[in-house]
Amino acid sequence: MTQAEFSNMRINLDRLLSRLKALGQDGALEGGGVCRLALSDTDKLGRDRVSGWMRELGLEVSIDKIGNMMALLPGQEDLPPVVIGSHIDTVATGGLYDGNLGVLAGLEVISVLRDSGYVPRRPIVVAAFTNEEGSRFAPDMMGSAVDRGSLPLEEALAIADADGLVVGDELARIGYAGEAEPGHIKPHCFFELHVEQGPVLEEEGLEIGAVTGVQGISWTEYTVTGVSNHAGTTPMRLRHDAGFAAASISVAARAVAGEIGEDQVATVGVTELDPNLVNVIARKARLTVDLRNIDEAKLQAAEKSLTDKIETIAESEGVEITSRTLARFEPVIFDDSMVDLIESMAKDQGYSVRRMASGAGHDAQMFAPDCPTAMIFVPSVGGISHNIKEYTTPDQLQAGANVLLQAVLSKAEEE
């Protein structure tokens with residue numbers, strides 16, 4: 001194959017769209033979204049479908065002990081492979097593109113190579129990682145974290161969901177407790193194509209984001225214990241109101257984001273009261289706080305500021321507040337040469353591009369410490385994601401997949 005033929009290879013948009021649509025039927029929600037929580041029955045359906053496509057392409061499919069699915073296209077030489085990876089699990093009200101695009105675009109890259117008869121120097125692996133979202137089992141990025149050794153396998157297998165169901169048991173139940181050892185594939189480099197899940201690219205009228213890194217993430221669950229009492233007869237000065245303390249923590253989290261400023265964000269995602277009654281002072285509350293920043297020092301400052309504020313809230317209201325870390329990841333900076341590659345491949349194909357950090361966590365951040373890693377963003381219409389209305393236009397999907405194809409081919413030819 002000549003250099004011109006090599007550089008002119010493009011993805012088949014209709015095939016990519018068809019696979020995205022078909023996968024969206026596994027756990028389909030009314031209105032066009034998807035609920036495919038990790039290790040659920042619908043996750044099994046999605047896994048069966050994707051692994052079927054992998055085998056139809058003649059790939060060597062392996063499943064490891066945390067359920068990660070790896071599909072290998074052999075190369076001309078037995079060298080460490082180029083890995084393309086993402087996930088197919090979703091949040092409870094997910095869309096068609098988050099995670100799924102990265103896996104199916106990887107299969108489209110393989111399909112293009114199969115169509116052309118071209119065999120790259122290095123093998124190429126397409127990976128679908130277990131439980132990236134963390135919606136059912138915390139922490140998020142579980143499968144890729146186990147693969148990269150940052151989360152021990154036995155610890156991950158023992159994690160339970162809100163109903164007490166355990167990862168290891170659920171993997172076995174759906175038939176995806178594999179035999180391969182996590183980390184058995186040693187990557188030459190790692191790519192992930194993903195929807196932005198934010199408004200920046202659309203607002204600026206750009207087609208491609210060359211991702212420079214991923215924000216650090218701090219997830220904490222707080223449990224507040226107060227005293228349940230009558231809403232009408234208990235004077236305000238004598239209350240130990242878990243609900244009020246929880247609300248105060250929510251306000252404090254927003255205040256912390258304002259204090260740190262710049263890229264600091266803070267979100268209260270869960271709030272539960274017990275008893276949850278109109279005329280009873282809550283005796284207990286549970287809430288979660290999500291803090292993120294691209295700067296580790298600022299993220300630590302935000303964590304300390306919130307902790308200090310919570311101590312003041314507990315003392316003032318006369319309640320007990322305990323905390324539990326759900327997830328903690330330091331910010332990750334991607335390899336400069338890989339970011340340069342994404343940027344140049346986009347420009348070479350006539351796509352508008354900008355460098356940008358990711359506000360969300362991704363499997364790619366688990367690989368960045370171990371091998372050259374890059375992410376490609378395509379716009380999210382309205383900045384909407386984790387929502388059944390999540391949408392990226394066909395032209396935008398095509399642009400991202402074409403950049404991925406050329407970037408993968410470039411790295412697959414390296415010695």
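Me: Which residue pairs with Arg-324 in a salt bridge?
Reply: In this predicted model, Arg-324 meets Glu-221 through their side chains, with an N to O distance of 3.1 Å.

Me: Where do those two sit in the fold, and how many residues apart are they?
Reply: Arg-324 belongs to strand β12 (residues 320-329) and Glu-221 to strand β7 (residues 216-225). The pair links distant parts of the chain, the two residues being 103 apart.

Me: Is Arg-324 buried, partly exposed or exposed, and what about Glu-221?
Reply: Arg-324 counts as partly exposed because its relative accessibility is 47%. Glu-221, in contrast, has a relative accessible area of 11% and is therefore buried.

Me: What is the total count of salt bridges?
Reply: The count comes to 29 salt bridges. One of them joins the side chains of Arg-19 and Glu-108, at 3.9 Å from N to O.

Me: Which parts of the chain does that pair tie together?
Reply: Arg-19 lies in helix α2 (residues 13-23) and Glu-108 in helix α4 (residues 100-116), so the contact ties together parts that are 89 residues apart in sequence.

Me: Buried or exposed, for Arg-19 and for Glu-108?
Reply: Arg-19 is buried, with a relative accessible area of 11%. Glu-108 also counts as buried, because its relative accessibility is 0%.

Me: Which residues are linked in a network of salt bridges?
Reply: Asp-41, Arg-136, Asp-161, Glu-170 and Arg-173 are linked in such a network. Within this group, the side chains of Glu-170 and Arg-136 meet at 2.8 Å, N to O. This pair again links distant parts of the chain: Glu-170 is in helix α7 (residues 167-173), while Arg-136 is in the loop between β4 and α5 (142-148), 34 residues away.

Me: And how accessible are Glu-170 and Arg-136?
Reply: Glu-170 has a relative accessibility of 6% and so counts as buried. Arg-136 is buried as well, with a relative accessible area of 17%.

Me: Changing topic to Asp-363: what is the nearest side chain of opposite charge?
Reply: That is Arg-148, at a distance of 10 Å. Asp-363 is buried yet has no salt bridge.

Me: Which side chain does Asp-363 contact, then?
Reply: The side chain of Ser-144 makes a polar contact of 2.7 Å with that of Asp-363. As for its place in the fold, Asp-363 is in the loop between β14 (353-358) and α12 (364-367).

Me: Let us turn to open space. What is the volume of the second largest pocket?
Reply: The second largest pocket holds about 210 Å³ of space. Its lining comprises 14 residues, and those nearest its centre are Thr-220, Tyr-222, Thr-307, Ile-310 and Ser-323.

Me: Which elements give two or more residues to that lining?
Reply: They are β7, α10 (296-317) and β12. Of the elements, α10 gives the most, with six residues.

Me: What classes of residue line the second largest pocket?
Reply: The lining has six nonpolar, six polar and two charged residues.

Me: How many cavities of 30 Å³ or more are there?
Reply: A search of the whole structure finds three. The largest cavity contains about 50 Å³ of space. Its lining consists of Asp-43, Arg-47, Gly-67, Met-69, Ile-88, Asp-89, Ala-128, Phe-129, Thr-130 and Asn-131. Two or more of the lining residues come from each of α3 (41-56) and β4 (124-129). By class, four are nonpolar, three polar and three charged.

Me: A last topic: what separates the C-alpha atoms of Arg-122 and Leu-79?
Reply: They are 5.7 Å apart, although the residues are 43 apart along the chain. Arg-122 is in the loop between α4 and β4, and it is buried, with a relative accessible area of 4%.

Me: And how far apart are the C-alpha atoms of Ile-342 and Asn-279?
Reply: The separation there is 58 Å, for residues 63 apart along the chain. Ile-342 lies in helix α11 (residues 336-348), and Ile-342 counts as buried because its relative accessibility is 1%.

Note on methods. Residues numbered from 1 in each chain as written. Predicted model: local features only at pLDDT ≥ 70, side-chain atom pairs only at ≥ 80, totals over all residues. Heavy atoms only, no water. 1 Å grid on protein atoms, 1.4 Å probe; cavity = no way out; pocket = protein on both sides within 12 Å on 5 of 7 lines; lining within 4 Å. Points joined across faces, edges and corners; volume = space filled by probe spheres on them. Helix = DSSP H or I, 4+ residues; strand = E, 2+ residues; numbered from the N terminus. Nonpolar A, V, L, I, M, F, W, Y, C, P; charged D, E, K, R; others polar. Buried < 20%, exposed > 50% of the residue type's maximum accessible area, 1.4 Å probe, protein only. Lys, Arg positive; Asp, Glu negative; His and termini not counted. Salt bridge = Lys/Arg side-chain N within 4 Å of Asp/Glu carboxyl O. Polar contact = N/O pair within 3.5 Å; in protein donor to acceptor, adjacent residues only side chain to side chain.
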